[in-house]
Amino acid sequence: MGLHEVAIGGIYISPLLVFAILALPITKGVLMLIQKTPLPRWIWHEMLFICALYLLIFCILTLIVGVFF
């Protein structure tokens with residue numbers, strides 16, 4: 001995929017939008033795994049944690065695709 005625009009129906013879409021959409025289900029999966037552990041009782045602000053986790057996964061996904069593909 002790389003960091004090139006994706007053409008859908010003649011409209012170019014930013015790769016960051018694609019990565020942002022891909023990061024959502026990954027974040028949901030990681031949150032479901034975290035919920036099965038005793039870790040949630042250590043989380044102070046749950047929404048802040050979810051937002052930070054999403055940004056972390058988004059950055060990792062962007063870096064991995066940008067460097068290796």
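What you are looking at is a predicted model, where local features need pLDDT of at least 70, side-chain atom pairs count only at pLDDT 80 or more, and totals for chains, interfaces and linings use all residues. Residues are numbered from 1 along each chain as its sequence is written, and side-chain values use heavy atoms, with hydrogens and water left out.

Let's start with the helices. Helices here are DSSP runs (H or I, at least four residues), numbered from the N terminus. Helix 1 covers residues 15–35 and helix 2 covers residues 46–68; they pack at an angle of about 130°, with axes 8 Å apart. Those axes are lines fitted to C-alpha atoms over the stretch in contact, and angles run from 0 to 180 degrees between N-to-C directions. Helix 1 and helix 2 are therefore oblique to each other. Oblique is what remains once you set aside roughly parallel (under 35 degrees), roughly antiparallel (over 145) and roughly perpendicular (65 to 115).

Which residues do the meeting? On the helix 1 side they include Leu16, Phe19, Ala20, Ala23 and Thr27, and on the helix 2 side Ile50, Leu53, Tyr54, Ile57 and Phe58 are among them. Contact means heavy atoms within 4.5 Å. Sorted by class, the contact of helix 1 with helix 2 has 18 nonpolar, three polar and one charged residues. Nonpolar takes in Ala, Val, Leu, Ile, Met, Phe, Trp, Tyr, Cys and Pro, charged takes in Asp, Glu, Lys and Arg, and the others, Gly among them, are polar.

Now zoom in on one residue from each side. Thr27 is found in helix 1 and is buried, at 5% relative accessible area. Buried means under 20%, exposed over 50%, and partly exposed in between (1.4 Å probe, protein chains only). Leaving out residues up to four places away in sequence, Thr27 touches Ile50, Leu53, Tyr54 and Ile57.

Phe58 lies in helix 2. Phe58 is buried too, with a relative accessible area of 18%. With the residues up to four places away in sequence again not counted, Phe58 touches Leu16, Phe19, Ala20 and Ala23. The C-alpha atoms of Phe58 and Ile26 are separated by 9.2 Å, although these residues are 32 apart along the chain.

Finally, the cysteines. A disulfide is a pair of cysteine sulfur atoms within 2.5 Å, and by this rule the count comes to zero. Cys51 is partly exposed at 44% relative accessibility, and Cys59 is partly exposed at 42%.

Notes: Helix = DSSP H or I, 4+ residues; strand = E, 2+ residues; numbered from the N terminus.
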